[in-house]
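This report describes selected sites of one protein model together with its ligand. The sequence and the structure are shown first, and the sites are then taken in turn.

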Amino acid sequence: MTNDILQRFDGLRAGSAGRRKSLDLAARRAALARLAQVIKSHRAEITAAVMEDLGKPEVEAELVEVLPVLAEIAHTRRHLRRWMRPRRVWPTLMMLGTQAALHPEPKGVVLVIAPWNFPFVLALSPVVTAIAAGNAVVVKPSEMAPATSALIARLLPMALPDLAEVVTGGPEVSQALLALPFDHIFFTGSTAVGKIVMTAAAQNLAPVTLELGGKSPVVLGADADIAQAAKWIAWGKVVNAGQICVAPDHVFVPDHLMELLTDALRTEWQRMAAAGTTAIVNERHYARLSGLLADASAKGAQVQPLGPDRPEMRQMAGRIVTATTADMAISTEEIFGPLLPLIPYRDLAEPIAAINAGPKPLTIYAFGGKDLVARLRAETSSGSLGINLTIMPFIHQNLPFGGIGHSGMGAAHGKAGFDTFSHLKPVMQNRLTALPLLFPPYTGRVKRLKNWVLRLMT
Ligand code: NAD
């Protein structure tokens, strides 16, 4: 296995120099067009594989897996010419007589390690920007979504021969890959594994992008539109059964609005989940979520089920959880499922202090007016801040997406993704700089000139 991985890596590596020359704008756009074509012609198979792995409704499978990859390809092809252009850098006073620009150059061979929760799009979307930036890619999809992984392994070499290799398997395969000297590692997954990835990358000084998880809180303001907030929060928990890195994890609620929000959430949630939702990915995660509920109940939390469970299909109904305390696992672990703690507060300083006491979240969602937003923007730190919406910042192609601290580092999507997989090489040229006048030997003339420059510059 390791020999096979090594051979495939070496094959891509050997092509690096050639690719730097041959992968011009037209070749990159053509490669992306081929990828789009292969995806379009296998749309039904992709949808079926995702449905098999995640027990997802068909519409959702197409909407959240196939469509975003095709949209990313279309967006990238449209803007690639501009992204690839050298970026002019204006000279400072000292640099008069020179010309400089940043030239995006491919990093080389990059590794993409993907999670199971959106098994197609989270494996493919980084591939799009990596290829756009002129790299070759090795993809390691998640072993927890075996049907989608097998399909990616079949489709990608078909679409991108000589540019992409797919290696399937679990942590041991990941570790074998991480030992290789990749030119960039793009990892999406848990914070715990993110640390393992970064440690391994250090051995090769490989730069990393870590798209991690964590607890993304919602803060409801006293002036929030409750009906709208309930709709967006319920949506964030119903889609993919809340198994989304940017799903609302828990909600801070002004205490006098607890009942109103609970009622509105119940209505919206039940309406959206009526025709069935995505299943919990496997028995282990079903048991993990059940364990979070059991632990919370045993320690005095109130759990309100929003429908019946169907454990044989791993369909878990939503739960609104109240009266949680800090010693419950549901309060400290990323929930990653359809359970939603509501935490009452009296003064906005309380949720702000609670957020700042924990690791920096991937996203914070604010529902309310200007004052609430201004305070959260200024007094908390997170990968992104969403106002009167959920999930959407993750989908915006012109917004860099990424975390901070324990929720990750680096950025993905669109131009930010292109830049992640590029080295922005400073190229500087002498036009007629006067700097040689300051070269040694340091004669009286050089000293006088130096004093003049010092006065001018400071
Ligand atoms: P995970 O960290 O368990 O696995 C992710 C990938 O890492 C898989 O391909 C897996 O095979 C590999 N892996 C697992 N253990 C490993 C090890 N010891 N050494 C090397 N590789 C290993 O994550 P998951 O359960 O697949 O996904 C859920 C997590 O991902 C959640 O925390 C979620 O918030 C996060 N996530 C983040 C984003 C984002 O964009 N920020 C998106 C989706 C999911």
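## The second largest pocket

Which helix gives the most to the lining of the second largest pocket? The answer is H5, with 8 residues. The model is a predicted one, and the values below are computed from it.

This pocket has a volume of about 560 Å³. Its lining consists of 22 residues, and those nearest the centre are Leu63, Val64, Pro68, Phe394 and Ile395. At least two lining residues come from each of helix H5 (58–84), helix H6 (121–132) and helix H16 (392–395). Sorted by class, the lining holds 16 nonpolar, 4 polar and 2 charged residues.

## Surroundings of the ligand

The shell around the ligand comprises 29 residues, and Ala114, Glu143, Ser190, Leu212 and Glu334 come nearest. By class, 16 of the shell residues are nonpolar, 9 are polar and 4 are charged.

For Glu334, a polar side-chain atom is 2.5 Å from a ligand oxygen atom. In the side chain of Ser190, an N or O atom lies 2.7 Å from an oxygen atom of the ligand, and the side chain of Lys140 likewise has an N or O atom 2.7 Å from a ligand oxygen. On its own the ligand has 840 Å² of accessible area, of which the protein covers 90%.

## Elements and domains around the ligand

Two or more shell residues are supplied by each of helix H8 (171–178), strand S6 (184–188) and helix H9 (191–203). Of the elements, H8 gives the most to the shell, with 3 residues.

Why does the ligand lie between domain 1 and domain 2? Residues of the shell come from both domain 1 (2–212 + 408–425) and domain 2 (217–399), so the ligand is placed between them.

## Backbone features in two loops

Pro440 and Pro441 are joined by a cis peptide bond, with omega about 5 degrees. Pro441 belongs to the loop between strand S16 (422–430) and helix H18 (444–457).

A further backbone feature occurs at Ala241, a residue other than glycine whose phi is positive, near 55 degrees. The loop that holds Ala241 runs between helix H10 (226–238) and strand S9 (248–254).

Conventions:
Residues are numbered from 1 along each chain as its sequence is written. This is a predicted model: local features need pLDDT of at least 70, side-chain atom pairs count only at pLDDT 80 or more; totals for chains, interfaces and linings use all residues. Side-chain values use heavy atoms; hydrogens and water are left out. A residue is near a molecule or strand if one of its heavy atoms lies within 4 Å of it. A polar contact is a pair of N or O atoms within 3.5 Å; within protein, one must be able to donate a hydrogen and the other to accept it, and residues adjacent in sequence count only if both atoms are side-chain atoms. Accessible areas come from the Shrake-Rupley method with a 1.4 Å probe; for residues, only the protein chains shown count as cover. Helices (H or I, at least four residues) and strands (E, at least two) are DSSP runs, numbered from the N terminus. Ala, Val, Leu, Ile, Met, Phe, Trp, Tyr, Cys and Pro count as nonpolar, Asp, Glu, Lys and Arg as charged, and the others, Gly among them, as polar. Domain bounds come from an automatic or database domain assignment. On a 1 Å grid over the protein atoms alone, a cavity is a set of points where a 1.4 Å probe fits but cannot get out, and a pocket is an open set with protein on both sides within 12 Å along at least five of seven lines; lining residues have an atom within 4 Å of a point. Grid points are joined across faces, edges and corners, and a volume is the space filled by probe spheres set on the points.
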